[in-house]
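Let's take a walk through this structure together, looking at the open spaces in its surface and at one residue along the way.

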Amino acid sequence: MERVVLLDESGAATGTAAKAEVHHDATPLHLAFSCYVFDGSGDLLLTRRARSKRTFPGVWTNSFCGHPAPDEPMDEAVRRRGRQELGIDLDGLRLVLPAFRYDAEQGGVRENEMCPVFVARTHDVPREPDPGEVDEIRTVPWASFRDEVLAERWSGISPWCADQIRLLASLGPDPGRWATADPAALPPAAFLAS
């Protein structure tokens, strides 16, 4: 059974809960991550969440999201999730937004996460994504996607992705040049393997 790490307001671990039971109308604060993956052409892999998902079904979002298991380093969790969800291996994985947090609700289900944001590259072509997680994958030029989201012209985008895009845009126009963030700024419950 997959478990998530529960957090207090400082980001320290307070326990764990079954992932299948944690998302509801009063979702407790827990640890997660988001990853933005760029292909060999520099385009962003964008995904539409499966319509069967309990939280935010059918919305467009970043490449993938997930939750580290208890005692699992964040970078290892991100790599694991890329393989599980999209069948891809990641290169150049970097932490870029260590302190991102959001709280959003749709259809009576609330997301409430401290969700550090990572960026990576892949030379793999996603094939047969997990149908329980992903309905569709697109590759889009970063600059045009960023501009569409910032102008609020991209409909059906996840609220966390929209907020993250605003923050990522402030890091500069070229994702390959975004500065690697200090891991000391991660929530206390989160850590990196390397």
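A pocket is an open set of points on a 1 Å grid over the protein atoms alone, where a 1.4 Å probe fits, with protein on both sides within 12 Å along at least five of seven lines; lining residues have an atom within 4 Å of a point. The volume is the space filled by probe spheres set on the points, which are joined across faces, edges and corners.

This is a predicted model: local features need pLDDT of at least 70, side-chain atom pairs count only at pLDDT 80 or more, and totals for chains, interfaces and linings use all residues. Residues are numbered from 1 along each chain as its sequence is written, and side-chain values use heavy atoms, leaving out hydrogens and water.

Which strand gives the most to the lining of the second largest pocket? That is S11, with three residues. Among the lining residues are Phe38, Trp142 and Pro175.

Now turn to the largest pocket, with about 360 Å³ of space. Of its 27 lining residues, Lys19, Arg49, Lys53, Thr55 and Glu133 are the closest to its centre.

Finally, find Arg81 in helix H2 (helices are DSSP runs of H or I, at least four residues, numbered from the N terminus). Arg81 counts as buried because its relative accessible area is 7%, and buried means under 20% (1.4 Å probe, protein chains only). Leaving aside neighbours within four places in sequence, Arg81 is in contact (heavy atoms within 4.5 Å) with residues including Lys19 and Glu133.

How values were computed: Helix = DSSP H or I, 4+ residues; strand = E, 2+ residues; numbered from the N terminus. Buried < 20%, exposed > 50% of the residue type's maximum accessible area, 1.4 Å probe, protein only.
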